[in-house]
Amino acid sequence: MGALQQFIFVPVLSLLPCVLWLWYFSSRTRYKRPSVRVLGFTFLLGALATLPALLLNLFGQSLFLNLFGSTLWSHLLVLIFVVGPVEEAIKLLVVYFYAYRQQEFDEALDGVTFSATAALGFAAIENVVYLAQNDPMLVLLRGPLSNPGHALFSAVWGMSLSRAKTQPNLFKKRFPIILEGWIYASLLHSLFDILLVAASRVSIVFFGLLVALMVVLFFQVRARIRFHSETSPHREGTLVLPTRRYCQECGAKGATGMQCPKCGVFIPDPDELELCPICTTPQRPGAKFCARCGANIKLPAKENLDSRPHFVAVSNEGEERIAYILNENEILIGRTLNNAFVIEHPSVSKRHARVVAEDEEYALYDLGSSNGTFVNGKRINETTLEDGCEVRFGRAHFIYRAQHSPVSE
């Protein structure tokens, strides 16, 4: 019975709660099925990650014990500065270097799904080791607490990974978001371990606090899961926006392809669509300033924000910021996270356009998008980008800046 328990009973008990929690997290998406291949390999990599985590934990523990001695405070320091940060960092690296780079990672909810998957693979091996050394029935405690704990802690930095993909491809923009998620997850992980130790050595009251922490975290993560599921780019197609245009006869505002609501004249599709770069209000032909917000419609480029070719976004206050650096030969543009340049706007298609490096220039191609790609107000199928041109994907407005060479004195 001892050998049977060691080789069959313990692994089955260890894996069962992890598989159940994996089913829960992977089944939250409503509009697509997660890739079984990517889920399985992420789970396996999470399981393998226990080895480097164990080595780093042992090294950090020996370092703190040598410095401060074997005291309660030194053990608490190990939990705060070693166990939580190390384990969350190892799981994060697993997802970042594998699942995060897969085409299947294409919506915000995938950050939760794949981070939880890696964490549950990690927890499965932890369960095997822990239950082999203790009473296997302790799975009744680890199943509802430790296993989802790993998944929920990792979901924090998983959501940060998704959010980072929507930011400009600059280290200074993306790294702080991921770092913040990792720090938050590490603190929660450390707090969990401290309350668990306090409950076993000090008072059962700490166990109640531990359960309360897990319940609050679960409902917070579940709320984010619901939000990302409801706002998934797979939920429905691109929101097709009617092109608004002023009637050429009476000047009343109407929709292209329809009759004027005032005089009944048919309003044709425009050869050129002029929108305000700040508030995106349609403009009368030949207008220089927006009738709604007063902004200069022909917004000039103010300054080069980077020496590399890039797209610039303009805020409602007219402030410019880098939206994306053109640092590869081919760049896909769209609403899902598996595009290189992610634009979170309902008028942008899942696969909207692509930019291709040709010699020393960049060519822009529309990919049959619902709301079109425009350069200097004209809808295009393909064109060569020129410095300072206004580029619009649906209603998402940008300015293109070509490579800037500093003038030598």
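This is a predicted model: local features need pLDDT of at least 70, side-chain atom pairs count only at pLDDT 80 or more; totals for chains, interfaces and linings use all residues.
## Nonpolar cores

The largest nonpolar core holds 58 residues, and the members that touch the most others are Phe25, Val95, Val112, Phe114, Leu120, Leu152 and Val221. Two or more residues of this core come from each of the helices H1 (2-26), H2 (36-48), H3 (50-68), H4 (72-97), H5 (109-133), H7 (146-165), H8 (171-201) and H9 (205-230). The greatest contribution is that of H4, which gives ten residues.

Val112 illustrates how such a member is placed: once neighbours within four places in sequence are set aside, Val112 is in contact with Phe25, Ala155, Gly158, Met159, Val221 and Ile225.

The structure holds 23 aromatic pairs. One of them joins Phe41 and Tyr98 in an edge-to-face arrangement, with 5.0 Å from centre to centre and 65° between the planes. This pair links distant parts of the chain, since Phe41 belongs to helix H2 while Tyr98 lies in the loop between H4 and H5, 57 residues apart. The two partners fall into separate accessibility classes: Phe41 has 40% relative accessibility and therefore counts as partly exposed, whereas Tyr98, at 12%, counts as buried.

Tyr100 and Phe105 form another pair, which is edge-to-face because the ring centres are 5.3 Å apart and the planes stand at 80°; both residues are buried.

## Charges over rings

The ring of Tyr100 has the charged end of Lys165 over it, at 4.7 Å from the ring centre. A further case is that of Arg354, which lies over the face of Tyr365 at 4.8 Å from the centre of the ring.

## The surroundings of Glu107

Glu107 is located in the loop between H4 and H5, and because its relative accessibility is 1%, Glu107 counts as buried. With neighbours within four places in sequence left aside, Glu107 is in contact with Thr29, Lys32, Ser162, His228, Ser232, Pro233, His234 and Leu337.

Two of these contacts can be described further. The side chain of Glu107 makes a polar contact with the side chain of Thr29, at 3.4 Å, while His228, although 121 residues away from Glu107 along the chain, has its C-alpha atom 8.1 Å from that of Glu107.

How values were computed: Residues are numbered from 1 along each chain as its sequence is written. Side-chain values use heavy atoms; hydrogens and water are left out. A nonpolar core is a set of buried Ala, Val, Leu, Ile, Met, Phe, Trp, Tyr and Cys residues joined through side-chain atoms within 4.5 Å. Buried means under 20% relative accessible area, exposed over 50%, partly exposed in between (1.4 Å probe, protein chains only). Helices (H or I, at least four residues) and strands (E, at least two) are DSSP runs, numbered from the N terminus. Contact means heavy atoms within 4.5 Å. Rings of Phe, Tyr and Trp (its six-membered ring) pair if their centres lie within 6.5 Å; planes under 30 degrees apart count as stacked, over 60 as edge-to-face and the rest as tilted. A charge sits over a ring if NZ of Lys or CZ of Arg is within 6 Å of the ring centre and within 35 degrees of the ring normal. A polar contact is a pair of N or O atoms within 3.5 Å; within protein, one must be able to donate a hydrogen and the other to accept it, and residues adjacent in sequence count only if both atoms are side-chain atoms.
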